[in-house]
Amino acid sequence: MCEADFYAAEFHQLKGHPDKALRLYRLAVRDCPRDFIEYVAASKALRALGVTP
């Protein structure tokens with residue numbers, strides 16, 4: 001599920017819906033194991049949006 005949250009967040013970010021992306025990035029960071037690439041990418045995306053993961 002964490003991968004789905006991350007990739008859905010990427011989709012919403014590309015479509016210009018940062019509020020929806022933010023929620024999904026947070027879910028990905030919460031649910032993904034720390035050694036998953038999606039965890040690292042979601043953490044970096046949150047920082048890029050100005051939010052502490």
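Colleague: What share of the contacts in the protein chain with a separation of 6 or more comes from residues 24 or more positions apart?

Modeller: Such residues account for 38% of those contacts. Contact means heavy atoms within 4.5 Å. This is a predicted model, so local features need pLDDT of at least 70, side-chain atom pairs count only at pLDDT 80 or more, and totals for chains, interfaces and linings use all residues. Residues are numbered from 1 along each chain as its sequence is written, and side-chain values use heavy atoms, without hydrogens or water.

Colleague: Why does the radius of gyration agree with a compact globule?

Modeller: The rule, over C-alpha atoms, is 2.2 Å times the number of residues to the power 0.38. For 53 residues a compact globule would have a value near 10 Å; the protein chain has 9 Å, so the two agree.

Colleague: What makes a nonpolar core, and which residues touch the most other members?

Modeller: A nonpolar core is a set of buried Ala, Val, Leu, Ile, Met, Phe, Trp, Tyr and Cys residues joined through side-chain atoms within 4.5 Å. Buried means under 20% relative accessible area (1.4 Å probe, protein chains only). The largest core has 14 residues, and Tyr25 and Ala42 touch the most other members. H1 (2-14), H2 (18-31) and H3 (37-48) each give two or more residues to this core. H2 gives the largest share, five residues.

Colleague: Which residues is Tyr25 in contact with, leaving aside neighbours within four places in sequence?

Modeller: Among them are Phe6, Ala9, Ala42 and Leu46.

How values were computed. Buried means under 20% relative accessible area, exposed over 50%, partly exposed in between (1.4 Å probe, protein chains only). Helices (H or I, at least four residues) and strands (E, at least two) are DSSP runs, numbered from the N terminus.
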